[in-house]
Amino acid sequence: MIKLNASRFITRHVLFALVAGGLGGVAFMFFLIEFDHYTSTNAFCTTCHSMTYAEVSYQDTPHYNSPSGVRASCGDCHVSEGLIMATYDHIVGIQDLFKQLFGPDYDDPVVNLLHLPEAAFASRAWFSRRESATCQRCHTLEAIQGQRANTAAIHREETEGKSCIDCHYNLVHRHVPTEQTFKREAWNAMVEDEFGLEPGTAERILAGEG
Amino acid sequence: MMSSLPFSRSLILIPLHLILGGCCVLFAAGAANAAKVELSPEHWGNPAGERCVSCHEKSSAGLTRQWHESAHREAGVNCLDCHQAKAADVDAMEHEGEIIATIVSPKDCGRCHTKEYEEQAGSVHAEAYAKIKTRIPALAHRMTGGAMQAAGCDQCHGSRVKVLGDGTLDPATWPNSGIGRINPDGSKGSCSSCHGRHAFSKAQAREPSACVRCHSGPDSPDKEVFEASKHGMFYAAQRDQMNLDGETWIAGRDYTAAPTCTTCHMGAAGNIPATHDVGLRNAWNLNQPVSHKQYLVLFEDGGKLERPDTEAPPRRGSELEKPDGSIGKVRAVIAPDRRRGVMSLVCLECHGKAFTESFMRQFDDVVDLYNSKFGEPAQAIMMALYERGLLTPLPFDEPLEFTYWELWHDEGARARHGASMMSANHAWWEGMYLVGRNFYSRFLPQAREVAGDQAAEIIDPILAASGQHAWLNETAQGNPILGWMPPQPEAPELEPESEPEPEPAAATPADEDEGEDEEGDDQ
């Protein structure tokens, strides 16, 4: 058996590396916590102009202005809980940054609205995969009372096998149909109508993006 | 006209056979007021639809309760049987894992209620929006504002339901249950206009109140007319004998207490089958500046069209433009007297033939009087003023245009509707009396003012041509109705002879008026 000679093994250099590494690790953890926290704030998300469009509809909903004063930030809903998952979500989210920098001009309100459905579908799929975990940071099924008489009963008795997002989509951001019933032509026509564009403009914009 | 008459007679026979044929089919099916659903039950009762109920009992207890107590529920028809949609449908949406649509159109109802769907398609009800869509902007948009279309016009005539690009229904066009609604699936009409969802009660649709939402008020006061008629009087007194819940509802057999709107315009009576073409039995169009008797043109594709009998009836097989602008091939033409004949057969369940025919004569005389004395001259004067540029083409920017509009659209319609359904009050005080007052005290003075120097040239010949306004020139003819008579010239020498002379002129109309007053008191 090898006799561990601690005094021989822990040299000055090793000790220094351990302390430095430990402190560095702790600092990195603090950094990640702060990083995840900061990158989950509304202020950070809306540093990209493209995200301010999502903010407009959100500010009209109880998730922004609730009577109790609770305000859900972008990250409260769209970034998972826990350091590991939050970091993972942010790393995955970097692809959005690439799209913002190298993709279509999402800062243009027309382009933004034309692409909104895909964003909505992706986001709903994300909520669905995580069984609406971020909703449940605040909402506890057993505690849901609601203002109408049977809201509590519906949530107790009619939700088996479902998570929040299965019913509650189109809750915070602009109304987008489900992927099953989405009709691109109708959506394009709506965008053209809203911005006073010639019919066919939307299709040209989308085709031009390659 | 003479040459077209024999031709139209031969055409008339075809629809009559159809009607009688339909009658036999109906009686074979149990003489039901509503046709029996022929679709076999395996086509409904979608198991997925059962799951809707437990949640909707909580989220919308009222409508679920109505459905629970409905014949639909009894027959096993659930939410999804009516509301299911295909993902490709313009108004399709995902709801709790199912693809559904909010609007259940006549086409949807027609999956089971085929006969009713086909009958209502092309009817004056189904075309109610199409008929006025080009006229809506004049009053609803220009004179008032767009908000009035949704809250006013469209509530009765129906909206063109718009599905927005995000899949939602445009709030400017929905909710709406107007009877000529243009649905996202292209079908026209709204069954729920008369059949309140989600109970779909037979009794409710047989009540006069099913029609009141639209057939009331100044321009089509059918509710008021019915209530003020003897039919309405009996209905009110004997409503408990109306058998309104009856499985079948054939006038003269299942009930005799009184007719309702449904009885005469749609209902089964004796050998007459029920129809969901509510205008089928109407010989006249009573809501025009000048009334015409109407042909009903049936197209091969099931469409329908009304044409005035001033035109030659279209030939069978010929092509004609339909209300929506498309071209249809004529399958058959129902002449106005045939339509009147069907209506009269309903009357015969309770009235004698001579009684019925004489009543129709009284009614027709009122329409003819309105047409010839007021409707036609007023229309001719207006057209002349427009043609000469004395009125701008823009409607309702000149007071005369309101006056003319009300003359035919309001009091003129009331007079004609009142006569059609036996409300003396509406035929006279609410109707023709106001037509006369409007014509002489507002319309003519305003028209003369607009015509200016050309009044004598434009207006007087039209009045003279009608031959019914010469009484205005007999200014010396007194009558005690307003409490004053011109003093009689004193002629003592010929006293016995001179005395009776003014009397006939004065006394005859006075007697008539007294007679009317008595009638008024009787009401």
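In this predicted model, start at one residue pair: Glu319(B) has Lys329(B) as its bridge partner in β7(B). Strand β6 of chain B covers residues 319-321 and pairs with β7(B) in the antiparallel sense, over three bridges. The two strands form a hairpin, with five residues between them. In the turn sits Gly325(B), whose phi is positive, about 95°.

Now cross β7(B) to its other partner. β4(B) and β7(B) run antiparallel and are joined by four bridges. One pair to find here is Leu296(B) and Ile334(B), the latter being the bridge partner in β7(B). What else does Leu296(B) contact, beyond its neighbours within four places in sequence? Its contacts are Leu280(B), Lys304(B), Glu306(B), Ile334(B) and Arg339(B).

In soluble globular proteins, nonpolar side chains tend to be buried together.

Step back to chain B as a whole. It holds 22 helices and seven strands. Of its 523 residues, 37% are buried. Take the contacts in chain B with a separation of 6 or more: residues 24 or more positions apart account for 59% of them.

Turn next to chain A and its helix α7, residues 109-129. This helix has 21 residues. From first C-alpha to last it reaches 29 Å, close to the 30 Å expected at 1.5 Å a residue. Where does α7(A) bend? The bend is at His115(A), by about 40°, and Pro117(A) follows within four residues. Several residues of α7(A) are buried, including Val111(A), Leu114(A), Ala120(A) and Phe127(A). Asn112(A) and Pro117(A) are buried too. The buried residues pack against four helices of chain A: α4 (52-58), α9 (164-167), α10 (184-195) and α11 (201-208). After α7(A) comes Glu131(A), with a positive phi near 50°.

Finally, look where the chains meet. The contact takes 16 residues from chain A and 15 residues from chain B. On the side of chain A, α8 (151-157) and α10 each give two or more residues. α10(A) gives the most, with five residues. By class, this side of chain A has 10 nonpolar, five polar and one charged residues.

One residue lets you follow the contact across. Ile154(A) lies in helix α8 of chain A. Setting aside residues up to four places away in sequence, Ile154(A) touches Cys55(B), Lys58(B) and Ser59(B). Is Ile154(A) buried or partly exposed? It counts as partly exposed, because 19 other C-beta atoms lie within 10 Å, while a buried residue needs 20 or more. Within its own chain, Ile154(A) is 10 residues from Ile144(A) in sequence. In space the two are 9.7 Å apart, C-alpha to C-alpha.

Definitions and conventions
Residues numbered from 1 in each chain as written. Chains lettered and ligands numbered in written order. Predicted model: local features only at pLDDT ≥ 70, side-chain atom pairs only at ≥ 80, totals over all residues. Contact = placed C-beta atoms within 7 Å. Pairing = 2+ DSSP bridges. Expected span 1.5 Å × (residues − 1). Bend = angle between axes of the 7 residues up to and from the residue. Buried ≥ 20, exposed ≤ 12 C-beta atoms within 10 Å, placed from the backbone. Nonpolar A, V, L, I, M, F, W, Y, C, P; charged D, E, K, R; others polar.
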